[in-house]
Amino acid sequence: MSDFSTRILDWYAEHARRLPWRQPPGRQEQPDPYRVWVSEIMLQQTRVETVIPYFERWLELFPSVDALAQAAEQSVLSAWEGLGYYSRARNLQRAARMVVDEFGGEIPQEPDELRRLPGVGRYTAAAIASIAFNRNVATLDGNLRRVFARVFDVSLPAESPTGEQALWELAQAHLPAGWAGDYNQALMDLGATVCLPHNPLCLVCPVSEFCQARRLGIQEQRPVLKPKSAVPHKFKAAAVVVQGGRVLLCRRPSKGLLGGLWEFPAGEAEADTPEALSAAIATGYHLELKTLVHLGELKHAYTHFKLTESAWRCELVGDAGVLAACPFPIEWVRLEDLEHYPMGKVDRAITKLLRD
Ligand code: SF4
């Protein structure tokens, strides 16, 4: 075992974060693979503090692979509501069904088999295999990448194929056989709590004496990342169509942004006017509207764009038969039932406007 690995494991034994999907470090029994798998999917692009309450509720609702496989998609998406990147939830359920159908209900243990499951890539497969089954495989998320790039002064761009390869090799080269789970989790914790993206806490770092970036004073320059491109800003208008105490919701296609969630009919609009909204809804939904009153404006930042959405209360022109022209699944929903329909943040904010 290298000095680097020994130091990392010693530090983890004392400083490991207590997380609901983990066993304390050094414990012989392995953690429940289902809990590890769910946590790893939830943690993709999401902070630990955000994930914990979702994880606990998820385990209450879907305590096993079987329970998840049998659940209705709408309850799965509702349980995920607010975590974002909804394809993760749909993939988790598809993968649960695959585990039941093809693996006899047992989560596979080898990284190659795990990677066959929807939503499980190289990083996640290695994380599950090492943490849940103690397979001797290294993994590499954003936290580990930063630690290795700094400790070993990797100057190749971290997102380039050669840079990524170099970092995976470093992670694997220092992996202590038999301790992969603790080693990977120790590095995750170090990256999340000490080796921070900005102002890393080098004074309390257990591997500072090995760290080349620290010696050279270039911590902030490692890893080498691409400059961030400007985020575009979109403007949309949403139609809150109310009739007889019910409101019209459409279901988004199951693939793509917010796939499978419910929303108020909306479209990109050239201006925040009733005419622009009517034009957008006529094009996207084949519905004719009469716009009554402006309800409010909502803002949200997605990963690739920022959105400002204006909500208008509307009435449908024509009888109920005109809905047949709408290309999406559609439902009239009582206001008190809106909470049972999984939605993205902006549409949920519109329901709050309605309620208030
Ligand atoms: Fe990160 Fe500083 Fe530790 Fe190097 S010494 S690994 S930069 S916290």
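At what angle do the axes of helix α2 and helix α8 cross? The axes of α2 (residues 33–43) and α8 (residues 122–133) cross at roughly 150° and come within 9 Å. The angle is over 145 degrees, so α2 counts as roughly antiparallel to α8. From α2, the contact (heavy atoms within 4.5 Å) involves Pro-33, Val-36, Trp-37, Glu-40 and Ile-41. The α8 side includes Tyr-123, Ile-128 and Phe-133. By class, these contact residues are 10 nonpolar, one polar and one charged.

The model is predicted: local features need pLDDT of at least 70 and side-chain atom pairs pLDDT 80 or more, while totals for chains, interfaces and linings use all residues. Residues are numbered from 1 along each chain as its sequence is written, and side-chain values use heavy atoms, without hydrogens and water.

Helix α2 also packs with helix α6 (residues 87–102).

| Helices | Axes come within | Crossing angle |
|---|---|---|
| α2 and α8 | 9 Å | roughly 150° |
| α2 and α6 | 10 Å | roughly 155° |

Trp-37, Ile-41, Met-42 and Leu-43 of α2 meet Arg-88, Leu-92, Ala-95 and Ala-96 of α6. Seven of these residues are nonpolar and one is charged.

The domain assignment, which is automatic or from a database, gives domain 1 (3–221) and domain 2 (233–355). Their C-alpha centres lie 37 Å apart. Nine residues of domain 1 are in contact with 17 residues of domain 2. Between them, about 950 Å² is buried (accessible area lost, 1.4 Å probe, summed over both parts), with 41% from carbon and sulfur atoms.

Conventions: Axes are lines fitted to C-alpha atoms, for helices over the stretch in contact, and angles run from 0 to 180 degrees between N-to-C directions. Helices (H or I, at least four residues) and strands (E, at least two) are DSSP runs, numbered from the N terminus. Angles under 35 degrees count as roughly parallel, over 145 as roughly antiparallel, 65 to 115 as roughly perpendicular and the rest as oblique. Ala, Val, Leu, Ile, Met, Phe, Trp, Tyr, Cys and Pro count as nonpolar, Asp, Glu, Lys and Arg as charged, and the others, Gly among them, as polar. Buried area is the accessible area (1.4 Å probe) that two parts lose on being put together, summed over both.
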